[in-house]
Amino acid sequence: LRHPLRQIRSELSLAAEDLRDEDPDPELLNDLAESIEKVQSLVDGIEKRMDRMDPLAVSGRRRRISNQSLERLVTEVTGAFGDEFARRGVTIQIEGALKTEVRTNREVLQQVLANLLDNALHWSQQSTEDTPLISIQITAEGFSMSNNGPSITPTHAEEIFDPHFSLRDDASGMGLNLSKDLCRSIGATLRLVDPATAQFKITLV
């Protein structure tokens, strides 16, 4: 994507030079430039999320099911976001049945957690509270994640898992859809249980 974007930007610049003496429509040129910048921002956002999730990426779904500590899994994934939490002033709160162990696919669950955290990190930044907060509650069945950002409207709650649905300018709209499919691939479920706090729940058993 970066190569065609550079080419488009270069051609736009040349077109502006050529048209300078022909009374071009500056509003049209500005609109084109803004469109390119929006695409560039989207590409940058995708690359950042891919870089962050790369160590946790799933190379295949045929992974063995084994006993896993949910506290350890959550700590590993939140640790990968540590610098970003600090930079944005976000507080992460982990509580509940911390000693819970379940039989699950470690790599798949890590990627789902990373997707949910990336989403929560963005929306917690829109919080009206003094401190953006992401809460993770570990239970005997799995865990839930919420944040103190904006509530999810009833209309959006119905569309939240649809492919390509997103309210973010820098997102593809595939994160939650992919997460739900990944959960299904290991016999788990992912649901939005409380739109008011954007609380998502993963049930593993």
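In which handedness of crossing does H3 pass H5? H3 passes H5 in a right-handed crossing; a crossing is right-handed if the near helix is turned clockwise from the far one by less than a right angle, and left-handed if anticlockwise. This is a predicted model: local features need pLDDT of at least 70, side-chain atom pairs count only at pLDDT 80 or more, and totals for chains, interfaces and linings use all residues. Numbering starts from 1 along each chain as its sequence is written, and side-chain values use heavy atoms, leaving out hydrogens and water.

**Overall build**

- The protein has seven helices and seven strands. Helices (H or I, at least four residues) and strands (E, at least two) are DSSP runs, numbered from the N terminus.
- From the N terminus, the order is α-α-β-α-α-β-β-α-β-β-α-α-β-β.
- Of the 205 residues, 37% count as buried. Buried means under 20% relative accessible area, exposed over 50%, and partly exposed in between (1.4 Å probe, protein chains only).

- Helix H5 covers residues 106-124. Its 19 residues should span 27 Å at 1.5 Å a residue, and its end C-alpha atoms are 26 Å apart, which agrees. The expected span is 1.5 Å times one less than the number of residues.
- 16 of the 19 residues of H5 are buried, so H5 is largely enclosed by the rest of the structure.
- Asparagine 105 caps the N-terminal end of H5. Its side-chain oxygen lies 3.2 Å from the backbone nitrogen of glutamate 107.
- H3 (residues 70-80) packs on H5 at about 50 degrees, with the axes 10 Å apart. That makes H3 oblique to H5 (under 35 degrees is roughly parallel, over 145 roughly antiparallel, 65 to 115 roughly perpendicular, the rest oblique). Axes are lines fitted to C-alpha atoms, for helices over the stretch in contact, and angles run from 0 to 180 degrees between N-to-C directions.
- Residues of H3 that meet H5 include Leu73, Val74 and Val77. On the H5 side they include Leu109, Leu113 and Leu117.

**Glutamine 68**

- Glutamine 68 lies in strand E1 (residues 66-69). It is buried, at 13% relative accessible area.
- Its side chain makes a 2.8 Å polar contact with that of serine 66. A polar contact is a pair of N or O atoms within 3.5 Å; within protein, one must be able to donate a hydrogen and the other to accept it, and residues adjacent in sequence count only if both atoms are side-chain atoms.
- Glutamine 68 also touches Leu73 and Arg106, among others. Contact means heavy atoms within 4.5 Å.

**Alanine 198**

- Alanine 198 has a positive phi of about 50 degrees, although it is not a glycine.
- Alanine 198 sits in the loop between strands E6 (189-194) and E7 (199-203).

Definitions and conventions:
Lists of a residue's contacts leave out its neighbours within four places in sequence.
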